[in-house]
Each structure stands twice: as C-alpha cells, then as structure tokens.
Amino acid sequence: MRRFGRTLVTAALAVTLVGGTAGWASGDSQTAVTGPPPGTDAWRADTVSGRSLPDPATTAPREVAAFFAGLDDAARHRLLRSHPLVVGNLEGAPLPLRYEANRIAVAATGEARYASLAAPGRQILAFDPRGRGQVVEVFGDLERAKHVSVIVPGSDNDAAGYDTRRKPATGPAGMARSLREATGAESGTGSGSGGSLAVVAWIGYTTPVGVGLDAADGRLARAGAARLARFTAGLDAVGAPDPVLFCHSYGSVVCGLAARHTDAADIVAFGSPGMRADTAAALRTGARVWAARGPSDWIADVPNVEFAGIGHGVDPTSAAFGARRVPAADVEGHTGYFVPGTQSLAAFATIAKGAAR
C-alpha cells in the first residue's frame, strides 16, 4: 500500500510538471533535426581523385580526419566550395576549413536572421539552417588549446535567436565569453593555463521551446545526446583535449544521456531538472560529475521524478545523487551561474582550467 501511495504521488507530480503549475509554462512541440546536413546526397555522389568521400552519417570522425589529412589544399578547398554545408558540419574535418565553409553556408542562406554569424573573425564550427537552426561557435584557439570547455544549453536556444541581445553572461555565447574572461583567457593575461582555454557554445541539437511537454520528456534530449557524443568524438579526432561539459537546465538531460559515450574530463550540471540517472555513478562515465543550483532558481520547484517517460529523475545536487557540489549561494535566478563575481563562476573557471580537486 505504501508503494502504491508513492506511485500515485509520483504520477500526480508528473502531471503537475506537464500541466505547468510547478513553474513550467507551455511550449510548442518540436521535431528533432537529426541525420547528416543538407547537401549530403550531392556529397555522396562526388569524388576526389577517384576516391569516394566519407559518408557524413556513418564515417567515424577519426576516419574523416585521416581522409582530409591525405588531401592537398586545392582538393580541400574544392570540396568546401562545392559542399559548404557538409564540410562545415563534418566532425573530424580540419577546423579552419569548417570555419570557412560555414561562412559560405551562412551567407548562402540569404537570411537576415543568420547574417551576423558570417561576420569576420567569427569561428562558426557548425551551422544547420533546418528547423529553427543549429549553430556551434568557438571562442579562443581550439587548435592550440590545452583546455576545452563546451556549453550545452537548454530550452529556447537556436541559430535564429543566437545573436539576440541578452543579459550579460547568459545564453550560450554569453556564458562562453564569461568563462573565458574568468580564467584570464580573454585578455591573455591570466595566470596558469587560463590563456590556453577554448570554449565552445554548442547549440548542436533541437532544444525545447518553453518548458512544456518537450522539456519534461527525454525525446529531444536523446536526439541531442547522440549529436553531442559525435561532436566530442570530432574534437578528439582533431587532437583537442578531453572537454569539460557545462550543462545548463535541459542541456543537463542531454549530457546525462550522452555521458557514457563521451570522453569528457568533467561534467557540470547546473540549474538541472535531473540527468535521467539515479546517481552520478549510474551515468557510467569516467568524468568527474559536478552539480550546482542557486537558491532562487525556479528549477527547484520542478518535481524530481521520472514517471511514464515524464520528468528527469533525481536532483543532481542532492546527497543521494553523489555529484561534487559547486558553491552557488549567490546565484540569482535560473541563468545567473556565469555572472562575474559569483561563487559558481569562480568554481567553473577552476574546473575549466583543470585545477579543481
């Protein structure tokens, strides 16, 4: 009888979560963008020096890297001019080639909402205009970095709104810039290894809109986890160090599902509704797992349950979960974790530099 009572409570909490009375608002259902980028059929039909091109859907990033290593500059640039969307999104392809390809791909859309992404000096590592659009941007020198961090955001993030003005230190790009500044990497004057830090703002999956049913179930997170795992394999293929994943809100669900398929050195969940695991050990990762939640973050009002596929499970900041705690007593709201001067940002910077114990 006691177990039946707990099940009823869990069901009621799940309905509350979906219905929006626990601080969750309605959202529009999204179709996850998956699979290789537009232009893949033309790429597959092409050859270089009589050789077939690596299939974007099935070729491992390390094999892609080896393929490009065997090409001269003329062949590489012929491919990027002919297939910019494929080259720009091809994990394992040389980083400068992808930046150049994505400048071409962004400009080719002719859409004003994407125009700023093609500005000189920007390092767009991936761009996919399908749906609301996906975009990945690098801050710092990813080719030479000794430390790499990846910001994995939650709801309401896409390529169309990526450059929309936001409060400082919020949003994927704002978080990335703030983290680099906190380590001294932005100015190049920081002590230790901060100046060799690259940060990636990764909107490489279809995020929920609002916090309705899409944010309450794991459908979009599962699709995102597969893309995140391939992205980290791509980093490894081009010689980047094992990354630190900073996973915000619904992004922490993505990280939880991807954890065992990545080579992350650390995984940091903040403002998290759960990671679809009962414990940090259940993530089955060699990474150190960290968690933070501020005192006024509304995510605390979301029931930490998983019932009939709804909800994301145990609170990562709970003692039962077993993650290392990140101090966040001075964080305001759901997006204030990277605000300069906060305890959380100072701790994040230490983790990003590989100096945390």
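Reader: Are W202 and Y205 buried or exposed?
Author: This is a predicted model, in which local features need pLDDT of at least 70, side-chain atom pairs count only at pLDDT 80 or more, and totals for chains, interfaces and linings use all residues. Residues are numbered from 1 along each chain as its sequence is written, and side-chain values use heavy atoms, with hydrogens and water left out. Buried means under 20% relative accessible area, exposed over 50% and partly exposed in between, with a 1.4 Å probe and protein chains only. W202 and Y205 are both buried.

Reader: Within what arc do the buried residues of α4 fall?
Author: Helices are DSSP runs of H or I with at least four residues, and strands are E runs of at least two, numbered from the N terminus. In helix α4, which spans residues 73-82, the buried residues include A75, L79 and L80. They line one face of α4 because, by the directions from the helix axis to the C-beta atoms, they fall within an arc of 130°.

Reader: How are the rings of Y114 and F127 arranged?
Author: Rings of Phe, Tyr and Trp (its six-membered ring) pair if their centres lie within 6.5 Å, and planes under 30 degrees apart count as stacked, over 60 as edge-to-face and the rest as tilted. The structure holds 10 aromatic pairs. With the centres of Y114 and F127 5.0 Å apart and their planes at 80°, the pair is edge-to-face.

Reader: What relative accessibility does F127 have?
Author: F127 lies in strand β3, 13 residues from Y114 in the loop between α6 and β3. F127 counts as buried, its relative accessibility being 0%.

Reader: How are the rings of W202 and Y205 arranged?
Author: The ring centres of W202 and Y205 are 5.8 Å apart. Their planes are at 15°, so the pair is stacked.
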